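Biologist: I would like a close look at one part of this model. Please take it slowly.

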Amino acid sequence: MQPLGTPFPRNPAPTVGNLPNSQAVPGGGKLTARVEAMRCMGCALCLNLCPVQAITLNLTAVVDQELCIGCSACVSACPNQAITLAQGATR
Ligand code: SF4
Ligand code: SF4
């Protein structure tokens, strides 16, 4: 038992390259985020959570497929389930 006042240990912040859900797919591809525009309400929550700034807002969220590392942070955060991970996603 730790004495009162002992700081609670925190996990180190993830950095690009060791994110737990970074998704490499056999065959050289990768999983990246895809936005279903009809479900996106433009709340910008995902933009602020993306660790590599791969998402921009153009009425709806748009994912830069080159930058996305497939960490799934945006998938978990979206209140409208507008984002999924897919191989070879185009948007
Ligand atoms: S969190 Fe979801 S609803 Fe909000 S901007 Fe991103 S994709 Fe759209
Ligand atoms: S999965 Fe979402 S949060 Fe993660 S890098 Fe790709 S766009 Fe950004």
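Predicted model: local features only at pLDDT ≥ 70, side-chain atom pairs only at ≥ 80, totals over all residues.

Which residue in S4 does Val35 stand opposite?

Modeller: Val35 stands opposite Ile83 in S4. Residues are numbered from 1 along each chain as its sequence is written, while chains are lettered from A and ligands numbered from 1 in the order in which they are written.

Strand S1 covers residues 31-35 and strand S4 residues 83-87; the two run antiparallel, joined by 5 bridges. Strands (E, at least two residues) and helices (H or I, at least four) are DSSP runs, numbered from the N terminus, and two strands pair if DSSP finds at least two bridges between them. All 5 of the 5 residues of S1 are buried, so this strand is largely enclosed by the rest of the structure. Buried means that 20 or more other C-beta atoms, placed from the backbone, lie within 10 Å of the residue's own.

S1 also takes part in the shell around ligand 2: S1 and helix H2 (73-77) each supply at least two of its residues. In total, 15 residues surround ligand 2, and the closest are Cys50, Cys68, Cys71, Ala73 and Cys74. A residue is near a molecule if its C-beta atom, placed from the backbone, lies within 6 Å of it.

As for confidence, the protein chain averages a pLDDT of 82, and 66% of the residues score at least 70.

Methods
Buried ≥ 20, exposed ≤ 12 C-beta atoms within 10 Å, placed from the backbone. pLDDT = per-residue confidence, 0-100.
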